[in-house]
Amino acid sequence: MVYNAHVWLTRRPGEGRIDLGIIDVDPKPALHGSVSFEYAGKPKRGLIDQIDPYDWEKRSGTTPRIHVTLSEG
């Protein structure tokens, strides 16, 4: 199932974050979980290292803001 999330992306550890805006991610965002999304026209996978608000699922209509670091490979 696809979810909307406001994604902040780090391509490599130590680099600044890139605001990708609100995009589709799969599966449901969870702290320390991995998600798939499209970046620069290509499918990518990354690890969520921060999610705000932490209880976004309990807040009707809330779009989570997630910080994602690209996975290697």
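This is a predicted model: local features need pLDDT of at least 70, side-chain atom pairs count only at pLDDT 80 or more; totals for chains, interfaces and linings use all residues.
Biologist: What makes the chain as compact as a globular protein of its length?

Modeller: The chain has 5 strands and 0 helices, in the order β-β-β-β-β from the N terminus on. Its radius of gyration is 11 Å, and the globule rule gives 11 Å for 73 residues; the two values are close, so the chain is as compact as a globular protein of that length. Along the principal axes, the C-alpha atoms fill a box of roughly 35 × 25 × 20 Å.

Biologist: How many of the residues count as buried, as a percentage?

Modeller: Of the 73 residues, 33% count as buried. The accessible surface of the chain is about 4,800 Å², and carbon and sulfur atoms account for 49% of that area. As for contacts between residues at least 6 apart in sequence, 35% of them join residues at least 24 apart.

Biologist: Why is the pair R12 and E15 called a salt bridge?

Modeller: The separation of the R12 and E15 side chains is 2.6 Å, N to O. The criterion requires a side-chain nitrogen of Lys or Arg within 4 Å of a carboxyl oxygen of Asp or Glu, so the pair qualifies as a salt bridge. The structure holds 6 salt bridges.

Biologist: What makes this pair a polar contact too?

Modeller: The 2.6 Å between the side chains of R12 and E15 is set against a limit of 3.5 Å for N or O atoms, and the pair is therefore a polar contact.

Biologist: Why is R12 called partly exposed?

Modeller: R12 has a relative accessible area of 49%. Buried means under 20% and exposed means over 50%, so a value of 49% places R12 in between, as partly exposed. R12 lies in the loop between strand 1 and strand 2. R12 and S71 are 59 residues apart in sequence, with their C-alpha atoms 8.7 Å apart in space.

Biologist: How do you know that K28 and E57 form a salt bridge?

Modeller: The closest N and O atoms of K28 and E57 are 2.9 Å apart; the limit is 4 Å, so the pair counts as a salt bridge. This pair links distant parts of the chain, 29 residues apart: K28 is in the loop between strand 2 (18–25) and strand 3 (34–39), and E57 is in the loop between strand 4 (42–52) and strand 5 (65–70).

Biologist: Why is E57 called exposed, and what is K28 called?

Modeller: E57 has 51% relative accessibility, and exposed means over 50%, so E57 is exposed. K28, at 37%, is partly exposed.

Biologist: What makes D55 buried?

Modeller: The relative accessible area of D55 is 17%; the cut-off for buried is under 20%, so D55 is buried. D55 forms a salt bridge with R59, with the closest N and O atoms 3.1 Å apart. R59 counts as partly exposed, at 42% relative accessibility. Elsewhere, salt bridges that share partners join R11, R12 and E15 into one network.

Biologist: Why is T10 called buried, and which residues does it touch beyond four places away in sequence?

Modeller: T10 has a relative accessible area of 5%, which is under 20%, so T10 is buried. T10 lies in strand 1 (residues 3–10). Not counting residues up to four places away in sequence, T10 touches E15, G16, R17, V68, T69 and L70.

Conventions: Residues are numbered from 1 along each chain as its sequence is written. Side-chain values use heavy atoms; hydrogens and water are left out. Helices (H or I, at least four residues) and strands (E, at least two) are DSSP runs, numbered from the N terminus. Buried means under 20% relative accessible area, exposed over 50%, partly exposed in between (1.4 Å probe, protein chains only). Contact means heavy atoms within 4.5 Å. A polar contact is a pair of N or O atoms within 3.5 Å; within protein, one must be able to donate a hydrogen and the other to accept it, and residues adjacent in sequence count only if both atoms are side-chain atoms. The radius of gyration is taken over C-alpha atoms; the globule rule is 2.2 Å times the number of residues to the power 0.38. Accessible areas come from the Shrake-Rupley method with a 1.4 Å probe; for residues, only the protein chains shown count as cover.
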